[in-house]
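Okay, thanks for making time, everyone. Let me put the structure up, and then I'll walk you through it.

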Amino acid sequence: MLVIVVENAPHMLRGRLAVWLLEIRAGVYVGRYSRRVRNRIWSDVEAHIENGDAVMAWAAPTDQGFDFATAGKNRRMPVDFDGLKLVSFSPLEDRSIGR
């Protein structure tokens, strides 16, 4: 199983994802493909995400049973912690400074 979630993605990228995957909800795409096709789809996402962000999760033979990758500007970043992939949050930008 392959799941890709995009936010603020350009229409062109969303259209390309819809060719390969089923959009079950706005910005949520699912499908079942080989590693080679999955990597090709993800390279398109990375190349065309522009100012948006994306996450891809897929079934994998890991202790967790899945793996994931992110692209674009996102507060959530994958971090390897002794073989487990966890999520680290970047701090919010403080927009009140300098006012």
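Predicted model: local features only at pLDDT ≥ 70, side-chain atom pairs only at ≥ 80, totals over all residues.

Quick definition before the tour: helices (H or I, at least four residues) and strands (E, at least two) are DSSP runs, numbered from the N terminus. With that in hand, Asn8 sits in the loop between E1 and H1.

Residues are numbered from 1 along each chain as its sequence is written, and side-chain values use heavy atoms, with hydrogens and water left out.

Overall picture, then. The protein has 2 helices and 7 strands, and from the N terminus they run β-α-β-β-α-β-β-β-β. The C-alpha trace spans about 50 × 40 × 20 Å along its principal axes.

On to the sheet. Two strands pair if DSSP finds at least two bridges between them. Here 5 strands make an open sheet, in the order E2-E3-E1-E4-E5, with antiparallel pairing. E2 and E5 are the edge strands, each pairing on one side only. From one strand to the next the twist averages 20 degrees; axes are lines fitted to C-alpha atoms, for helices over the stretch in contact, and angles run from 0 to 180 degrees between N-to-C directions.

Inside that sheet, E1 is joined to strand E3 (residues 28-31) by 4 bridges, running antiparallel, and Leu2 stands opposite Gly31 in E3. H2 packs on the sheet and touches E1, E4 and E5, and its direction makes about 170 degrees with that of E4. Contact, by the way, means heavy atoms within 4.5 Å.

There's also a hairpin. Strand E6 (residues 76-81) and strand E7 (residues 84-89) pair antiparallel over 6 bridges. Between them are 2 residues, and Asp82 in the turn has a positive phi of about 50 degrees. Pro78 has Val87 in E7 as its bridge partner.

What sits in the middle? A nonpolar core is a set of buried Ala, Val, Leu, Ile, Met, Phe, Trp, Tyr and Cys residues joined through side-chain atoms within 4.5 Å. Buried means under 20% relative accessible area, exposed over 50%, and partly exposed in between (1.4 Å probe, protein chains only). The largest core has 18 residues, and those with the most contacts inside it are Leu2, Ile4, Val6, Leu17, Leu21, Trp42 and Val45. Two or more residues each come from strand E1 (2-7), helix H1 (11-20), H2, strand E4 (53-59) and strand E5 (66-72). Take Leu17: beyond residues up to four places away in sequence, Leu17 touches Ile4, Val6, Tyr29, Ile41 and Val45.

Next, aromatics. Rings of Phe, Tyr and Trp (its six-membered ring) pair if their centres lie within 6.5 Å; planes under 30 degrees apart are stacked, over 60 edge-to-face, and the rest tilted. A search of the whole structure turns up 2 such pairs. One of them is Trp20 with Tyr33, edge-to-face, at 5.7 Å centre to centre and 75 degrees between the planes. Trp20 is in helix H1 and Tyr33 in the loop between E3 and H2, so the pair ties together parts 13 residues apart in sequence. Trp20 is partly exposed at 44%, and Tyr33 is partly exposed at 34%.

Last stop, back to the loops. Asn8 has a positive phi near 55 degrees and counts as exposed, at 65% relative accessibility. Glu50, in the loop between H2 and E4, has a positive phi near 50 degrees and is exposed at 64%. That's my tour, so over to you.
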